[in-house]
Amino acid sequence: MQLTSTAIETEIYQPDHQRLLEELGEVRLREWVMKMALIRSFEEKAEDLFARGLVHGTMHLSIGQEAVAIGASSAMQPGDYLLNHHRGHGHCLAWGSDVNLMMAEFLGKETGYCRGRGGSMHIANVEMNNLGANGIVAGGIPISVGVGLSIKMRGTRQVCLTIFGDGAANTGAFHESLNMASIWNLPVIYLCENNQYAMSMPIQKAIKIQHIGQRACAYGIAGVTVDGNDALAVYDAVRTAAERARNGEGPTLVEAITYRWKGHSKSDRQAYRTREEVKEWQARDPIRRLAQLIKMDEAEYEEIFKKAQATIEEAVAFANASPEPDVSTIMEGVYA
Amino acid sequence: MREITYVEAIREALFQKMSEDKTVFIIGEDVGIYGGAFGATAGLIQQFGEERVIDTPISEAGIAGACIGAALTGFRPVGEIQFMDFVTLSMEQLVLQAAKIRFMFGGKAKVPFVLRMPGGSGTGAAAQHSESLENWFVHVPGLKVVMPSTPYDAKGLLIASIEDDNPVIFVEHKLLYKVKGPVPEEMYRVPLSKSNVVRQGKDLTIVATSIMVQRALQAAEQLAKEGIDVEIIDPRTLRPLDDEPILESVVKTGKVLIVHEAVKMGGFGGEIAARIAESTAFDYLEAPIRRLGGLDIPIPYNRKLEYHAVPQVENIVEEARNLVALRV
Ligand SMILES: Cc1ncc(C[n+]2csc(CCOP(=O)(O)OP(=O)(O)O)c2C)c(N)n1
Ligand SMILES: [Mg+2]
């Protein structure tokens, strides 16, 4: 007998852009650009506040990854669930969360989504079925199994979108969860936002297969790898996965390949990669790319960013004017 | 003596042990080129290469298991868990495997490794990055639990832990990493299971662990100005515990305050209190045993709430004052 490794080659999925452009229409895609600009502006402001010593804690910026957030959220329907991870500001905004309440949470205020108790890594918006970001890598993935099971038992047509990083795909939790979702045919989308690094660990060193999307075959579920800087490609894949889930066809693993422009968190010298590599990816700016696709002119593009920045300034003003949690309330909220 | 920081002391211990003993290696997340989330392993990959400073995927159970397997077969691994919180993912390997293997095998195997991890709050990292879980391990026979409070102890205890033939949970504190103190350049050992009388005094005994030793020392300075003379004891190794110096001190002072950052309920302070209550030192108590620990809540994100969630210098001062004023 001869044994060899059996790598399954998969192509990166190429969507039909023309069809998607026609289907979504310019008006809607212009809104996508606006939302992506809002996400970018939120992140830039977060970084700025941090640099000025106005934030106590840490943060994980998603600059350069905005296409994943907008493409995926836009493919979901009201009532669907979201579970995401520590690099989650973008997903939360794309899901339709209030930027004021997010900024207030980031700045630890009583008016924030989590009353200042959770902070950047733990923003949830339960009213919108956003079940929260997570400080634990892969912490949300097993929870998706329960959400999927609950949807199935309640007999609704909801779907659970679960977003996590490339690093999370190498945890035991990932394996257990995808297998359970598979055998029970759960309506869950596993969206791996592969920004090619888990902190300092490059994806090439962390896995020996070509794409994380290939792992779907190990669980007997559908899987696809897309260009995560192409909002339309992400949308196409997640929408298809959502349709499958709604039709009782079970979970899908979607891998979106993108790139983190900034350091992992507040203190990262980025000794593990070159400036050239970062520049190369910055040239593939997902926001510009979508704007070009709908032939938006430069003046409008700049105007959109100005507006986004103004919205963010208002959010900061709201947060600054908000009270801090009162120390007398410190024991609240542990038990229901 | 030369002064270096707590994190530098840890790095020096790792460097010196790795230079001396080829069976020592480092394994964990981002311990290589990144140098560890808090810089404890910075520069070591350049010195010892990828074979002995091993970056892993995000796999805490795997890291613990790799330490156990290598330890069983002749190595002395030093694993790093990036934040103590994530050791919850290693629990099965540590509690059900590492702690039990020697006993279950009738004493015919040993599992000599160290798992380093930073605990504690104070950096605004919120509920899932600020845990103080040391007492989970204190409950497990077969494990050793070490918690250095100074750069000197960090180096000496880490060397002793690496040389120990048992699994050692080595709990560092994020806020101590930048604290400076005198540390000899040469190798030395601080023996495990030997409590340290950090400060001598006659009015009150404070038993404190990790960063609370530093806070107790600051409190003692203030209390000294009020004429209150505090004795401070740092157990350093929580399991197996050397309780003799604590009991002796209580006999001397008649009053005891126990301080740790971990949530008070189910915390290490309960064990200390029980040991005193069960011993003849009980007869010498002139006031109830008191404990200060973390509030019964997860660590909040907001800076002010975070500050109030765990004992601070002023809480220790106030509690000590009240205790000294008590007469029974
Ligand atoms: C269980 C666990 N281990 C380690 C960490 C520390 N940590 C936080 S984010 C991160 C890297 C995550 O990489 P990835 O999943 O690719 O997400 P990205 O940060 O790239 O968005 C690590 C190691 C953690 N939060 N949880
Ligand atoms: Mg990543």
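This is a predicted model: local features need pLDDT of at least 70, side-chain atom pairs count only at pLDDT 80 or more; totals for chains, interfaces and linings use all residues.
Residues are numbered from 1 along each chain as its sequence is written, chains are lettered from A and ligands numbered from 1 in the order in which they are written, and side-chain values use heavy atoms, with hydrogens and water left out.

Chain A contains 12 helices and seven strands (DSSP runs numbered from the N terminus, with H or I over at least four residues for helices and E over at least two for strands). The radius of gyration of chain A is 20 Å, close to the 20 Å that the globule rule gives for 336 residues, so the chain is as compact as a globular protein of that length; the radius is taken over C-alpha atoms, and the rule is 2.2 Å times the number of residues to the power 0.38. The C-alpha trace of chain A spans about 70 × 50 × 40 Å along its principal axes. Of the 336 residues in chain A, 60% are buried (buried means under 20% relative accessible area, exposed over 50%, and partly exposed in between, with a 1.4 Å probe and protein chains only).

The magnesium ion (ligand 2) is coordinated at 2.0 to 2.1 Å by A:Asp166 (OD), A:Asn195 (OD1) and A:Tyr197 (O). Donors are N, O and S atoms within 2.8 Å of the metal (3.2 Å for Na, K and Ca), and sites may look incomplete because water is not among the atoms. The sequence spacing of the donor residues is D-x28-N-x1-Y. A:Asp166, in the loop between β2 (160–165) and α6 (172–183) of chain A, and A:Tyr197, in strand β4 (residues 197–198) of chain A, are 31 residues apart. A:Asp166 is buried, with a relative accessible area of 3%, and A:Tyr197 is buried at 8%.

The largest pocket has a volume of about 1000 Å³ (the space filled by probe spheres set on the points, which are joined across faces, edges and corners). Its lining comprises 48 residues, of which A:Met199, A:Ser265, B:Ala37, B:Phe38 and B:Phe83 lie nearest the centre of the pocket.

The structure also holds five cavities of 30 Å³ or more, and the largest cavity has a volume of about 70 Å³. The largest cavity is lined by 13 residues, with B:Ser132, B:Met147, B:His173, B:Ser210 and B:Glu261 nearest its centre. Domain 1 (3–182) and domain 2 (196–325) of chain B both contribute to this lining, so the largest cavity lies between them; the domain bounds come from an automatic or database domain assignment.

Among the backbone features, the peptide bond from B:Arg239 to B:Pro240 is cis, with omega near -10 degrees. B:Pro240 lies in the loop between β12 (237–239) and α8 (244–253) of chain B. A:Gln270, although not a glycine, has a positive phi of about 55 degrees and is partly exposed, with a relative accessible area of 23%.

Definitions and conventions
On a 1 Å grid over the protein atoms alone, a cavity is a set of points where a 1.4 Å probe fits but cannot get out, and a pocket is an open set with protein on both sides within 12 Å along at least five of seven lines; lining residues have an atom within 4 Å of a point.
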